[in-house]
Amino acid sequence: MSNNFDKAYEPQEIEKNWYDFWLKEGLFTPNEENNETSYSIVIPPPNVTGVLHMGHALNVTLQDVLCRYRRLKGDNVLWVPGTDHAGIATQNVVEKKLASDGLDRHKLGREKFVQAVWEWREKYGSAIISQLKRMGASCDWTKERFTMDAGLSVAVRKVFVDLYHQGLIYRGKYIINWCPRCQTALADLEVEHEECSGRLYHIKYPFINGKGAITIATTRPETMLGDTGVAVNPNDERYQNISVTEVILPLVNRKIPIIKDSYVDMSFGTGALKVTPAHDPHDFEIGIRHNLAAIKVIGDNGIMTNEAGRFVGLERFKCRELLVRILDEEGLLEKVEDYNHSIGHCYRCKNIIEPNLSLQWFVKTKPLAQKAIHAVKKGDTQIIPDMWAKTYFDWLENIKDWCISRQIWWGHQIPAWTCAKCENMVVEMEPPKKCPLCESDNITQETDVLDTWFSSALWPFSTMGWPIDTNLLKTFYPTSVLVTGFDILFFWVARMMMMGLHFMGNVPFKDVYVHALVRDEEGKKMSKSKGNVIDPITIIEKYGTDAFRFTLSAFAAQGRDIKMSEKRVEGYKHFINKLWNASRFALMHINKGYDEIKIDNLSLPDKWIVSRMVNVINSVSEALDEYRFNDAASSLYTFVWHELCDWYLEAVKPILYGKKGEIDKESTSSVLWYVLHDTLIMLHPFIPFVTEEIWHNLPGSQNSIMKAKYPKDFMYKKIANDESQTRMETLMSVISCVRNIRGEMNISPSLSLDIMVQCQEVLKRANIKQYEDIIINLAKVKSISVTPPSERPKSAATSVVNGTTVFVYLEGIIDFNKEIKRLEKEIDKINSELTTHAKKLANEDFLIKAPPEVVEKVKEKHNELIEKKEKLEANLDKIREIEKS
């Protein structure tokens, strides 16, 4: 064993050293022209403004597990990293910085502002990349991409130009979601809907003949200034016989028609709907059907326009206050009701969005969506877990045209130029020098930029060099799997499917693995406002990357959110330490590598652990092939902690210390070497740093563990057999019985015991007798008598398992009276605590007023006490029974 193999595992220095080593050796870089099995993943590019959060940590851990696993399986693996320019988010960050310096983007001008953003990106944009490296991400950093780099910019322009000339991109007026704060359009998916307490205003619209009025109900009375009609449902009996065809729009005194449209919800309000085509998407559609004008009364900045008449210049919500007051004064406000409803907010600045009529660029998505639907139904791409496939289909089958223009400066400027002289529009890859129609050189580029998700939608093929037909594309497209959160299934996954199929003629990925959310330990979503955010870097610094990664993997069950807590990470740090200490012990007894297991004189524990290796090799491999990360981690945890450390190493210690002879020791050493060697390889995808460190201390290991081959079971199968497993499990059950009795009876582990084992089966008795030295060693037993079933010995505790009865002699070991008093005292104490908890849980005030998590903790404690009491009472009954015998 190397002198560098310290007694305690200190992750910080070791992690940095090995990551630098992997980079230096180029172990993350594949062969671009390798014809062997290729495996590829493109990382969901984090925002350049971002810092590592729990979602990133889970996502990158699962991807890294897959990539490291596939390398061990012999695949040629490409994992493409990169970051997203995050248009609105990045522009907001830089604008805030400028504001602190007394500047704004308009003072700087577009060119200088964009340069300022690039400078910010160079200075601060690599923070998230450094943090991904700390997570152990084995990305090919030589191929790191940025959605605004030169190559990707060419791809974006090419896609836009091609779609435009194919008639799949168009420009038109439409109602879009508009953020007055960010001054830009938002796609439907960028609007966060929140249940809010609002008001429903019932306003009278007088009939044109002055005889009565029709009452409408609205939550946005300020928009009434832009009304161009009132709609009723043709099936509404209340309006079947209405003879008046026009009303007077209050405060504006404009005549507007009463129209009939089946869209109107008869159950809402009075069944009469004010129609504002410029400020509501549904009203816009009604306006088109009935040829109504669209009057814009709220400007892009949230200020009322000239069309708002006397309210011009007022902020939209100030206008609402004044308008409602005047309506009330003029007797036109029938009533106001409290009303809870969903209000859309900008996903970036959280301000209330305004449906706004605007000239925007759109992608016709329906033709693209059909291919994306068909590809998943046909099985070209599989969504895992499959419950997300239904959501994917629902969205694509009801898709609307995608608004792709944004009124900001940071992003891919739309490659469209308009001639000032003849208004001809040119859409091309390169800026035209003059108008192709009138030859004027007075041409201006479109000021809007593309939605960030437009460039992200090309990520799987643009990052590999498209539109050039590169070796990377030939070798690694389509990619093998996309690992992503469900929250961007539509933002990103569906759009990548549409673009990949349209431009590459193939799906962008064969599998989509949708992982769940990481929540706090009580299952609540993490948020700064709740103060329950767990910082991954803090966790890494405290417990090490491997412990953190293993925790995330161990709880990454399909379709189930992860409840994260420091306590859980601390628990898996103990697992890392257990592996470390077991390896230190093993390496004290291994002084060379082995080409094969020495099958002469193998002990029963040797044969048993070999059988268990067959099981764990296959179960881990099957689980990872099926994206059951938690099952793979659980299999490894159980094998290492319980089977390898708790049973095998303890059972073979006498052999390794030379008490059985050199031949036996050599055989056991060869088994131990192979088991440790292959266990490190299986663990490596989950805990790469500690496994690399141990690997380099293992005699006979070569190069990095990343270059090792994933173990196959055929060598172990030659030795493994069911008989060895059955024999060892019989011994283990006897040992467990003795250990359980020790615990129940509060017997010190240092006391050696006399036991009797009774069983009917002759072969089982012979097996126990043959290997009684293992029982004596592991159960701390002085003597064992093995007999057929007979009378129960006096003063003995009993445990029965699988037809075998184990008796532990207690006379002279415990003082029965003293133990009875101890148990009675402990039960009394628990009864007292239970009374206190029962009173709390019976108190209605406590149940209503206390926070739900506090109530839940009291219930949990109450149940724990009941369980503990039941165990103590069972032990007390046993002691009394033994005392009488």
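I started with T61, which I found in helix α2, residues 54-72. The model I'm reading is predicted, so I keep that in mind for every entry.

Is T61 buried or exposed? I looked up its relative accessible area and got 1%. Buried means under 20%, so T61 is buried.

Next I checked what T61 touches once residues up to four places away in sequence are set aside. My list reads M135, R549, L552 and S553.

**L473**

I moved on to L473, which has its place in helix α14. L473 counts as buried because its relative accessibility is 5%.

Which residues does L473 contact, leaving aside its neighbours within four places in sequence? I noted F461, M464, G465, W466, I468 and M504.

I also checked L473 against G302, which is 171 residues apart from it along the chain. The C-alpha atoms of L473 and G302 are separated by 47 Å.

**Cis peptide bonds**

I looked at the peptide bond from Y477 to P478 and found it cis, with omega near 0 degrees.

Where is the other one I noted, the cis bond that joins I384 and P385? P385 is in the loop between β15 (382-384) and α11 (387-397). For the I384 to P385 bond, I wrote down an omega of about -5 degrees.

**Positive phi**

I then looked at backbone angles. Most residues other than glycine have a negative phi.

E439 has a positive phi, near 65 degrees, and is not a glycine. I placed E439 in the loop between β19 (425-427) and β20 (443-445). With 54% relative accessibility, E439 counts as exposed.

S795 is another non-glycine residue with a positive phi, near 50 degrees. I found S795 in the loop between β27 (781-787) and β28 (796-801). Is S795 buried or exposed? I read 12% relative accessibility, so S795 counts as buried.

**A charged patch**

On the surface I came across a patch of negative charge. Which residues gather there? They are E856, E860, E864, E867 and E870.

E860 has 42% relative accessibility, so I put it down as partly exposed.

**The whole chain**

Last, I zoomed out. How many helices and strands are in the chain? I noted 29 helices and 29 strands.

The chain has 885 residues, and buried ones make up 54% of them. Along the principal axes, the C-alpha atoms fill a box of roughly 110 × 70 × 55 Å.

For contacts, I took those between residues at least 6 apart in sequence. Of these, 77% join residues at least 24 apart.

The chain exposes about 40,200 Å², and I noted that carbon and sulfur atoms supply 48% of that.

I finished with charge. The chain has 112 positive and 119 negative charges, and their mean positions are 1 Å apart.

Note on methods
Residues numbered from 1 in each chain as written. Predicted model: local features only at pLDDT ≥ 70, side-chain atom pairs only at ≥ 80, totals over all residues. Heavy atoms only, no water. Patch = residues over 30% accessible without salt bridge, like charges linked within 9 Å, V, L, I, M, F, W, Y side chains within 5 Å. Areas by Shrake-Rupley, 256 points an atom, 1.4 Å probe, with all protein chains shown as cover. Salt bridge = Lys/Arg side-chain N within 4 Å of Asp/Glu carboxyl O. Lys, Arg positive; Asp, Glu negative; His and termini not counted. Charge placed at Lys NZ, Arg CZ, Asp CG, Glu CD. Buried < 20%, exposed > 50% of the residue type's maximum accessible area, 1.4 Å probe, protein only. Helix = DSSP H or I, 4+ residues; strand = E, 2+ residues; numbered from the N terminus. Contact = heavy atoms within 4.5 Å.
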